[in-house]
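Colleague: Please take a close look at one part of this model for me. I would like the aromatic rings, and then the strands and the helix.

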Amino acid sequence: MSLMSQASRTAPQMLLHLNRHLAFSTASATSSESPDVRKMLTPAELLSPESQKRCMEKMLSLPAFPRPKSLTPSRREKQTSAVLIALCQERGTDEISLLYTRRSRHMRSHSFQISFPGGRRDDHDTSYVDCALRETEEEIGLPRHRITVWGEANQLHLPRTSSIVPVVGVVPDFSISELRLNWEEVEEAFSVPLRSLMVPKATRHTQFRSGYSGPVFVVDHHRIWGITGYLTHLFLHCLLPPSLLPDCLKTNIKFVRPFKLPPKLPHHREHSATDPSMRT
């Protein structure tokens, strides 16, 4: 899914509004992994009932995404989808990571792009949670009984694509080897430790010609951008308490004026035809 390649100039204001809306603390935080932060980033801290309550309260109160005036409604916007944001407790280390997939090369749209497991809600789904769990099992073979659901977020109405409901869940004792990928839909599945998403070298942004910027996370050879980068940015702000939010995630993405192409020069033949010196 590629929201950020569809949005317009209001996207940076959206991120600014989102950060203000969630009312994050302005207390100073380290921009890299200090021993204190490393000590606090434990499963007991991140997966506690208090963490769940804080995270889901923020996810349920997300502000609406403003529609860019330049974008007309699309038929896709009448559709609804759900994605699973899975907090995986890695087997053997207990480290907490997020689960991502790379869309299959066989997909008609956005092939090879990184996304969260999930997809369009159909008539047989009893809820968005049911949709996210069904799609996750169909795509990567992770059964729903392995997932402890925290809840679902506020529905995000996005321009030029289906509305999305993020569902948050925890997968204990997780191993990437237990997954069974549906190769028609998923090219790759991988997990990224939360620590790796919270360091300056991983947090970047993409600047598009239309003038807006979107959050990007680069970990190893994986580039998480578009709607998935936006959801990752949003979720980390909801999950992490202000004392654990590093400076690299607090920085507001700046708006840059749209890139303008230089005037098109006349073709050589056109120029020759109008040059009196070339006439015979």
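Modeller: I start with the rings and then turn to strands and the helix.

This is a predicted model, in which local features need pLDDT of at least 70, side-chain atom pairs count only at pLDDT 80 or more, and totals for chains, interfaces and linings use all residues. Residues are numbered from 1 along each chain as its sequence is written, and side-chain values use heavy atoms, with hydrogens and water left out.

The structure holds 2 aromatic pairs. Rings of Phe, Tyr and Trp (for Trp the six-membered ring) pair if their centres lie within 6.5 Å; planes under 30 degrees apart count as stacked, over 60 as edge-to-face and the rest as tilted. Y100 and F116 are stacked, at 4.9 Å centre to centre and 25 degrees between the planes. Y100 sits in strand β2 (residues 96-103), while F116 is in the loop between β3 (114-115) and β4 (118-120), 16 residues apart. Helices (H or I, at least four residues) and strands (E, at least two) are DSSP runs, numbered from the N terminus.

Y100 also pairs with F190: the centres are 5.8 Å apart and the planes at 20 degrees, so this pair is stacked. F190 belongs to strand β7 (residues 186-193), so the pair ties Y100 in β2 to a part 90 residues apart in sequence.

Y100 is buried, at 0%. F116 is buried at 2% relative accessibility. F190 is buried at 6%.

One further ring contact involves a charge. The charged end of R121 sits over the ring of Y128, 4.6 Å from its centre. The criterion is NZ of Lys or CZ of Arg within 6 Å of the ring centre and within 35 degrees of the ring normal.

Next, strand β6. β6 (residues 163-174) is mostly covered, with 10 of its 12 residues buried. Strand β1 (residues 80-90) pairs with β6 in the parallel sense over 10 bridges. Two strands pair if DSSP finds at least two bridges between them. C88 has V171 in β6 as its bridge partner. Strand β5 (residues 148-152) runs antiparallel to β6, joined by 4 bridges. There G151 stands opposite V168 in β6.

Finally, the open sheet and its helix. Its 3 strands have the order β8-β9-β10, with antiparallel pairing. β8 (203-207) and β10 (222-224) are the edge strands, each pairing on one side only. Neighbouring strands are turned by 35 degrees against each other on average, direction ignored. Strand β9 (residues 213-219) pairs with β10 over 3 bridges. V219 has H222 in β10 as its bridge partner. Helix α7 (residues 226-239) packs on the sheet, touching β9 and β10, and its direction makes about 85 degrees with that of β9. Contact means heavy atoms within 4.5 Å. Axes are lines fitted to C-alpha atoms, for helices over the stretch in contact, and angles run from 0 to 180 degrees between N-to-C directions. In α7, 14 of the 14 residues are buried, so the helix is largely enclosed by the rest of the structure.

Definitions and conventions:
Buried means under 20% relative accessible area, exposed over 50%, partly exposed in between (1.4 Å probe, protein chains only).
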